[in-house]
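Here's a quick tour of one model, for someone who likes cut-offs spelled out. Have the coordinates open and follow along.

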Amino acid sequence: MVNSSMVMGFIQDKNKFNNCINECFEMLDIDGNGMLSRELLYGGLHKLLSLENNTNQEEEINNLYEVIFKRFDKDEKGLIDQMEFESLIRELMLAMAHGIGDLPVLVALKEHSLLMKATQHEVASLKEGS
């Protein structure tokens, strides 16, 4: 069960959220150059966001990545650095939180997805509070 306050709590815990972003960036940056190409981002972003990779929607996916690079590739080098990646993920997570709303939503989460990390953060917070 996921709701907006769970996702927002994860985003607002700056240490946990930034650690998660750093881990995700390192996982996607398989060549270790500190930059994410379109191919590297395409290869991993759907896993982080628990999205299905449907090849029937290839044009829509390409359009999405075009928008991502126009919005977040500030230096227009065709690469996303770690700070740009953090901005991208923060904005996507905020959009998901607003889209989910206050009512709990039952979703199947992938093991290393950001929503799974938000859920784990919530469970850890509840354990610390009891």
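Let's start with a charged pair: Glu66 and Arg38 form a salt bridge, with their closest N and O atoms 3.5 Å apart (a salt bridge here is a side-chain nitrogen of Lys or Arg within 4 Å of a carboxyl oxygen of Asp or Glu). This pair links distant parts of the chain, with Glu66 in helix H4 (residues 58–72) and Arg38 in helix H3 (residues 38–48), 28 residues apart. Helices are DSSP runs of H or I with at least four residues, strands are E runs of at least two, and both are numbered from the N terminus.

Before going further, a word on the ground rules. This is a predicted model, so local features need pLDDT of at least 70 and side-chain atom pairs count only at pLDDT 80 or more, while totals for chains, interfaces and linings use all residues. Residues are numbered from 1 along each chain as its sequence is written, and side-chain values use heavy atoms, with hydrogens and water left out.

The structure holds four salt bridges, and three of them are tabulated here:

| Pair | Closest N and O atoms |
|---|---|
| Glu66 and Arg38 | 3.5 Å |
| Arg71 and Glu91 | 2.5 Å |
| Glu86 and Arg90 | 3.0 Å |

Arg71 forms its salt bridge with Glu91. Arg71 sits in H4 and Glu91 in helix H5 (residues 82–100), so the pair ties together parts that are 20 residues apart in sequence. Glu86 and Arg90, on the other hand, both lie in H5, four residues apart, about one turn of the helix.

How accessible are these partners? Glu66 counts as partly exposed at 37% relative accessibility, and Arg38 does too at 31% (buried means under 20% relative accessible area, exposed over 50%, partly exposed in between, with a 1.4 Å probe and protein chains only). Arg71 is partly exposed at 40%, as is Glu91 with 35%.

Now for the inside. The largest nonpolar core has 31 residues, and those with the most contacts inside it are Leu41, Phe85 and Met93. A nonpolar core is a set of buried Ala, Val, Leu, Ile, Met, Phe, Trp, Tyr and Cys residues joined through side-chain atoms within 4.5 Å. The elements giving two or more residues to this core are helix H1 (4–12), helix H2 (14–28), H3, H4, H5 and helix H6 (114–129). H2 gives the most, with six residues. In soluble globular proteins, nonpolar side chains tend to be buried together.

Which residues does Met93 touch? Leaving out residues up to four places away in sequence, Met93 touches Val7, Phe10, Ile11, Phe17, Leu114 and Leu115 (contact means heavy atoms within 4.5 Å).

Leu114 and Leu115 turn up again among the buried residues of H6, along with Ala118, Thr119 and His121.

Finally, the annotation: an unreviewed UniProt entry lists residues 16–51 and 60–95 under "domain: EF-hand". UniProt positions follow the numbering used here, feature names are shortened, and annotations may be inferred rather than shown by experiment. In the model, residues 60–95 are 75% helix and 6% strand, with end C-alpha atoms 18 Å apart.
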